[in-house]
Amino acid sequence: MAYGDRTNCKACGREIVQLSGGHRQRQYCDDTCKHTAFRRRQEEKHLEELRQRWVGFTPATQLYLDWLMTRYGEELATSVAVTIAREIVDQRRNRDALGG
Ligand SMILES: [Zn+2]
């Protein structure tokens, strides 16, 4: 990577002209983009944790369960998740019993 070489910001995609000398290759335009990228990675990590924790539920339900957990604690969120899961199983069983 030499002076004047061009890369793109990893956060916003704008072109970055690399500096000369012993500088490390710049990956972001500025601190704002650097922070944006950091925040995105944190959010992605959080969403991945959600998917793992509430596996089997739709993304909308996962977000709701996450909100419940943040606001009221894990015990309530888990018991709601268990209730929803049981409801789904019971509904399916009833449908099957009716031959529908
Ligand atoms: Zn940028």
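Of the 24 residues of helix α3, how many are buried? The number is two, so helix α3 lies largely in the open; here a residue is called buried if 20 or more other C-beta atoms lie within 10 Å of its own, exposed if 12 or fewer, and partly exposed in between, with the C-beta atoms placed from the backbone. The structure is a predicted model, in which local features need pLDDT of at least 70 and side-chain atom pairs count only at pLDDT 80 or more, while totals for chains, interfaces and linings use all residues. Residues are numbered from 1 along each chain as its sequence is written.

**Figure 1. The whole chain, with three helices and two strands.**
Read along the sequence, the elements follow the pattern β-β-α-α-α, where helices (H or I, at least four residues) and strands (E, at least two) are DSSP runs, numbered from the N terminus. The radius of gyration of the chain is 23 Å, well over the 13 Å that the globule rule gives for 100 residues, so the chain is more spread out than a compact globule; this radius is taken over C-alpha atoms, and the rule is 2.2 Å times the number of residues to the power 0.38. Along its principal axes, the C-alpha trace spans about 75 × 35 × 15 Å, and buried residues make up 5% of the 100 residues. Among the contacts with a separation of 6 or more, 12% are between residues 24 or more positions apart, two residues being in contact if their C-beta atoms, placed from the backbone, lie within 7 Å.

Domain 1 covers residues 1-53 and domain 2 covers residues 54-100, with bounds that come from an automatic or database domain assignment. The centres of the two domains, taken over C-alpha atoms, are separated by 38 Å.

**Figure 2. K10 in the loop between strands β1 (6-8) and β2 (15-17).**
K10 is partly exposed, with 16 other C-beta atoms within 10 Å. Leaving aside residues up to four places away in sequence, K10 touches Q27, Y28 and A37. K10 and R53 are 43 residues apart in sequence, and their C-alpha atoms are 29 Å apart in space.

**Figure 3. Helix α1 (residues 31-53) and its residue R39.**
Helix α1 has 23 residues and reaches 33 Å from its first C-alpha to its last, close to the 33 Å expected at 1.5 Å a residue, the expected span being 1.5 Å times one less than the number of residues in the helix. The number of buried residues in helix α1 is zero, so this helix lies largely in the open. R39, with 11 C-beta neighbours inside 10 Å, counts as exposed. The C-alpha atoms of R39 and C9, which are 30 residues apart along the chain, are separated by 15 Å.

Between the C-alpha atoms of D66 and R53, 13 residues apart along the chain, the separation is 9.3 Å.

**Figure 4. Helix α3 (residues 74-97) and its residue V89.**
Helix α3 has 24 residues and reaches 34 Å from its first C-alpha to its last, close to the 34 Å expected at 1.5 Å a residue. V89 counts as exposed, with 10 C-beta neighbours inside 10 Å. V89 and V17 are 72 residues apart in sequence and 58 Å apart in space, C-alpha to C-alpha. Just after helix α3, G99 takes a positive phi of about 75°.
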